[in-house]
Amino acid sequence: MDTDCSDDILVFKFEMEESDGDFDVFDSKVSVVTVNLNNVEGLERTIWSFVDQVYPNKELIVIDGGSSDGSVEVLSRNESHIAYWISERDKGLYDAMNKGVKYCTGDYVIFMNSGDRFFAV
């Protein structure tokens, strides 16, 4: 897997080896953990970037650090796209990330801060 980082866009490039036909990439579930604190515009951009992905087997977990800028309203409005979310004070970025991992049910985990976007290919 190669990665390419520029600005706030993270691109994952997976290269598949030929197999005997037993492996299906769509069998793998991807959990996306987004952490947020008072970044309502970035949070909404990240949620919609997740929603716009065509990969079917995915889940979004959002850990908000107790925002007071309208982030909770954005989360409530988008609950149908979010597997789990919570808004409460935490001990910082890594505490929030660790909270998110507890709720992941995927085979792979991607961490995206609020404001990050997937690059469409």
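Author: Glu88 forms a salt bridge with Lys99, their closest N and O atoms being 2.8 Å apart. The pair links distant parts of the chain, with Glu88 in the loop between β5 and α3 and Lys99 in helix α3, eleven residues apart. This is a predicted model: local features need pLDDT of at least 70, side-chain atom pairs count only at pLDDT 80 or more, and totals for chains, interfaces and linings use all residues. Residues are numbered from 1 along each chain as its sequence is written, and side-chain values use heavy atoms, with hydrogens and water left out.

Reader: What is a salt bridge?

Author: A salt bridge is a side-chain nitrogen of Lys or Arg within 4 Å of a carboxyl oxygen of Asp or Glu. A search of the whole structure finds three salt bridges; one of them joins Glu59 and Lys29, with the closest N and O atoms 3.5 Å apart.

Reader: Is Lys99 buried or exposed?

Author: Buried means under 20% relative accessible area, exposed over 50%, and partly exposed in between (1.4 Å probe, protein chains only). Lys99 is buried, with a relative accessible area of 14%, whereas Glu88 is partly exposed at 34%.

Reader: Which residues of helix α3 are buried?

Author: Helices (H or I, at least four residues) and strands (E, at least two) are DSSP runs, numbered from the N terminus. In helix α3 (residues 93-102), Ala96, Met97, Lys99 and Gly100 are buried. On the other side of α3, Tyr94, Asn98 and Lys102 are exposed.
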